[in-house]
Amino acid sequence: MQIIQPHYHGIARTAQDYERMAMSGVVAVGEPAFWAGFDRAYPETFLDYFRQISEFEPTRAAEYGIRHFCWVAVNPKEAENPELSYEVMRHMPAFFDKPTVLGVGEIGFHKTSKNEEEIFEAQLDMAIKHDQLIVIHTPHLADKVRGTKRTLEILAHADVDPERVWVDHVEEHTIREPLDAGYWVGFTLYPITKCSPRRGVDMLEQYGRERILVNSSADWGPSDPFLLQECILEFRRRNHSLQEAIEIFHNNPCRFLGQNPKFDIKPIRVEEIEPEPAVAG
Ligand SMILES: [Zn+2]
């Protein structure tokens, strides 16, 4: 089955991931800009990082036949340094013209602090002004409810089309509000903490498949990009059709990301990938 990994941090992973993803049906990945595991000291370090994900990483993925797209942003953790953030932002629009850059993200909250809020709003405005898609990081664990609530308040006051916003890392207790408000939501599968593949399928069964994206964690921390395949297996094991699986794990990313014409992979029907077997004479 053909799969799209909408949220993948290739720079923290080895080429073996790409090889195994290619063998297990992944045709494209999206790489939002994120924290590097440490706070960067210079704006230029961000710019080199943006070059890495917009120029180099697509060539690494292409060796395995995988399309690689990315996003640029100052992530919430480093938004604690507004001076550095504004300097990085000054250079971001130049990246919007690159052939694989889809928009602005991940922006949003980590600790839901004042500085984070200021930089979140500034980047949101920039994305709207440049007609870019938006991916929003919601805080992990303890601060998730408060951070998600504040995120939705900020979005409600922004002049943004909800269809072009993806609120990511939702969980059972935060999925409903952004969905009801018309945004896309994503949830992320983790090997140890947070959402498991089974809980993921439970959410799909409860909330349907409209405007939902599924990611597996793939970064420098404990993570496993193949939880996506595990989630698909669990989904199919519960008797959901192959077409339903394709709708969620391939076609939904096409629908959201395809709002930027640079993402040109189209939704598919099961007949296109698995032709009817010939009738035996
Ligand atoms: Zn991320």
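## Basis of the model

The model is predicted, with local features requiring pLDDT of at least 70 and side-chain atom pairs counted only at pLDDT 80 or more, whereas totals for chains, interfaces and linings use all residues. Residues are numbered from 1 along each chain as its sequence is written, and side-chain values use heavy atoms, with hydrogens and water left out.

## The sheet

Eight strands make up an open sheet with parallel pairing, in the order β1-β2-β3-β4-β5-β6-β7-β8. Because β1 (3-5) and β8 (212-216) stand at the edges with a single partner strand each, one side of each is left without a neighbour in the sheet. From one strand to the next, the twist averages 25°. Strands (E, at least two residues) and helices (H or I, at least four) are DSSP runs numbered from the N terminus; two strands pair if DSSP finds at least two bridges between them.

Strand β5 (residues 133-137) runs parallel to β6 (residues 165-168) and is joined to it by four bridges. I136 has V167 as its bridge partner in β6. Helix α4 (residues 114-129) packs on the sheet and touches β4 (101-108) and β5, its direction making about 160° with that of β4. Contact here means heavy atoms within 4.5 Å; angles run from 0 to 180 degrees between N-to-C directions, with axes fitted to C-alpha atoms, for helices over the stretch in contact.

## The zinc site

The zinc ion has H7 (NE2), H9 (NE2) and E106 (OE) as protein donors, at 2.0 to 2.2 Å. Donors are N, O and S atoms within 2.8 Å of the metal (3.2 Å for Na, K and Ca); water is not among the atoms, so sites may look incomplete. Along the chain the donors follow the spacing H-x1-H-x96-E. Since H7 lies in the loop between β1 and α1 (15-23) and E106 in strand β4, the pair ties together parts that are 99 residues apart in sequence.

## Pocket and cavity

The largest pocket has a volume of about 640 Å³. It is lined by 29 residues, of which H137, H140, K194, D219 and W220 are the closest to its centre. On a 1 Å grid over the protein atoms alone, a pocket is an open set of points with protein on both sides within 12 Å along at least five of seven lines, a cavity is a set where a 1.4 Å probe fits but cannot get out, and lining residues have an atom within 4 Å of a point. Grid points are joined across faces, edges and corners, and a volume is the space filled by probe spheres set on the points.

The whole structure holds one cavity of 30 Å³ or more. The largest cavity has a volume of about 50 Å³, and its lining includes H140, K144, H169 and K194.
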